[in-house]
Amino acid sequence: MFVTVLFALLFYVATAILLVGLGVRIAGYARAPAPLKIPTTPAPTTRGGVVLRMGTEVFLFNSLFKANKWIWLFGIVFHVALALVLLRHLRYFLDPVPTWVVMIQPFGLYAAFAMVLGLAGLWVRRIFVERIRYISSPSDHLMLALLLGIALTGLSMTYLWHTDITAVKLFFTGLMRFEFNPLPLQPMLLLHLLLVAGLMIIFPFSKLLHAPGVFFSPTRNQVDNPREKRHVTKVKWMTASERPATGGDK
Amino acid sequence: MAKFETPEIKDETVDIPALQTGVMSHSKPYVSQDKFQAPLGFPGELVDNWKDVAINKLGELLETNRALQVFMDSCVKCGACTDKCHYFLGTSDPRNMPVARQDLLRGVYRRYFTLPGKYFPKLVGATDLTEEVLGEWYSYFHQCSECRRCSVYCPYGIDTAEITMATRDIMNAVGVGQKYSNEIIGKVFKIGNNLGLPQPALADTLLGLEEDVKDETGVDVRYPLDEKGAEVLLVTPSADFFAEPHVDGLIGYGKVFHAAGISWTLSSHASEAANFGLFIGSAENMKKIALRIREAALDLGVKRIIFGECGHAWRVAYSYLNTLAGPFDFLDPRYPVPQHICEFTYDLIQRRALTLDKSANDHRRVTFHDSCNVARASRMGDMPGGQFVIPREIIKAVCNHYYDMAPDTIGEATFCCGGGGGLLTDDLMELRVKGALPRMSALKSVVEEHGVTHMAAICAICKSQFAKVLPYYGFEMDQIVSVHQLVSDAIVLDAKQ
Ligand code: SF4
Ligand code: SF4
């Protein structure tokens, strides 16, 4: 029971930090003005065009594709796999499990391997490509280790040391109703959950902020229409300095 | 100045160099002095509590510039941008890789503005702000031409130019400015243009141009200054008034206006399209310079504003002028404010309103250098990418022989000339020559393959930079031409009469 309570508290705390931390960062991005029009051109001239541009960035990593095919390949394999794996995990939280979640289960399994492959590819590049090694801090390596650790402990439970999935599900669905149901004391499971909680906690303080960040990036989300529509924001330097005496501003 | 070797052109594409850490750390432009700092509202020398001032300034910029906040947080060190900067390709110094340049500021951001940076600085690459760091800022943030090439390739659109501008703004706030840019801005405030040409000198120059054109063509083409009631105010970089090949472009604009029968004027108050406020990341100063154009337009009672050939000037004009000095509801609403001279000429060509004799340029085989600020920070016409189409269509309308350089060196992927962003100064000659390597390589391959003789550009900085740098790579300085110089040579004046 001690471990169950510990993990229950850990997940409450991790969730709170993730949500509040992200909320604070996103609020910061949203609150800060984008005083000038700085889309990287050629850029869409309509809102719809911007949605499309953002879509190709978020789902296809368009700019990255232009930049470097290897990083793109490993990057997209990892992210798509991660998305599938996350969706697959919904079955531990939802009751009844929606049909589509049931249907993606087999893909989710392959995805776990793809995730490992993508992460390994990225790590190999980080270690062996001189330029990328130069720009890496210890935290960049640790982040990959953390993600790889999560993927490998997860896989090990599927193939090597099975765990009592039903009990795990009861634990998590219970947490959502503030009930503590016993967590199986299986080392791999505990390690897996510990790493996941760790990831949730560092998310709002790390480069994982690229996830919300991309949507707020003015070079990608601005409409290219400065001549057609005057772009004004309330920043000090815009409003403070005086207008010309002869100004046509009424 | 220290001796340096011009890099060797090996191939059409520049190989990614092996890293040579710190080989460019000696490159620093002259530091500004009190007399150049004061007019811009900056302290004249390093202030005593400079660390606090710098951190406060960074905090203020983060709060007033969403891009900076997002860019500081979002970089995942993927490395996609590492081989995209011409200064890295030309110098091999890894600090010239865009992400490494950003990290010079990001390290400080992390240290003072993020939790992990406060408690585990080593782990996340956070750094204390020290004199050494300030020195690195001064060196490497003056090795970025703010060309935005890196931002094209970054999955989050992180634009190192924005980070360079912010850091230069912070450096000015603590009293460490760059002499070249700040002295020039002072001249604009005092006299009206970067070169410090007063009204009488301008008038003189323009009169001289009228005489030259008359001698050459027998036609009275006017180059008016401060003429009230003209339809168009032309704002052009002051280099157009005398530098080669810029002035041939200005002659061309005059001929186009003449052929179109549209009255126009230059203004001595706004005798400068360039706006170095952009380069130093100072919105206040950029705005002050931009307002001169509004004042001139109102004073002269014009109906339209057209900009001459200048890259960053067109960025400020196209993207910012409306914000900084608008609204322009007193101008003729039928035309975009402002317009680029290329849009104006292109429109005339499409309407067949110009008589052009292409054969006049038959001695030239031409390629076109997309200037970075036009390519990646502005537009021409009403379609995205018009900034690539319109100048090329103009050239093709006035020249029989046109050849593009390799696709990954033009358009949105264009390489900077090596002298943009406030680096066009003799104290940075080594950097300028080395930074030109990718463009020079691309040029060399069209020279060899298609016998290209001239490279046309629509940017005053590009033109000056190439005139200086071409000879280092075995070309002639006059192989760089203005687009409107080509127009000027092909245009047949008064043909209809
Ligand atoms: S903006 Fe241009 S000069 Fe600056 S880092 Fe990026 S590519 Fe290099
Ligand atoms: S491409 Fe963008 S995210 Fe990747 S290293 Fe460069 S700046 Fe960072």
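Me: What do the terms buried, partly exposed and exposed stand for here?
Reply: Buried means under 20% relative accessible area, exposed means over 50%, and partly exposed lies in between, with a 1.4 Å probe and protein chains only. The model is predicted, so local features need pLDDT of at least 70 and side-chain atom pairs count only at pLDDT 80 or more, while totals for chains, interfaces and linings use all residues. Side-chain values use heavy atoms, with hydrogens and water left out.

Me: Why is B:Tyr109 called buried?
Reply: The relative accessible area of B:Tyr109 is 3%, and the limit for buried is under 20%; therefore B:Tyr109 is buried.

Me: What makes the pair of B:Tyr109 and B:Phe113 stacked?
Reply: Rings of Phe, Tyr and Trp (its six-membered ring) pair if their centres lie within 6.5 Å; planes under 30 degrees apart count as stacked, over 60 as edge-to-face and the rest as tilted. Here the centres are 5.9 Å apart and the planes stand at 15°, so the pair is stacked.

Me: Why is A:Phe180 called partly exposed?
Reply: Its relative accessibility is 34%, so A:Phe180 counts as partly exposed.

Me: How do you know that B:Arg304 lies over the face of B:Tyr335?
Reply: A charge sits over a ring if NZ of Lys or CZ of Arg is within 6 Å of the ring centre and within 35 degrees of the ring normal. B:Arg304 lies over the face of B:Tyr335, at 3.5 Å from the ring centre.

Definitions and conventions: Residues are numbered from 1 along each chain as its sequence is written. Chains are lettered from A and ligands numbered from 1 in the order in which they are written.
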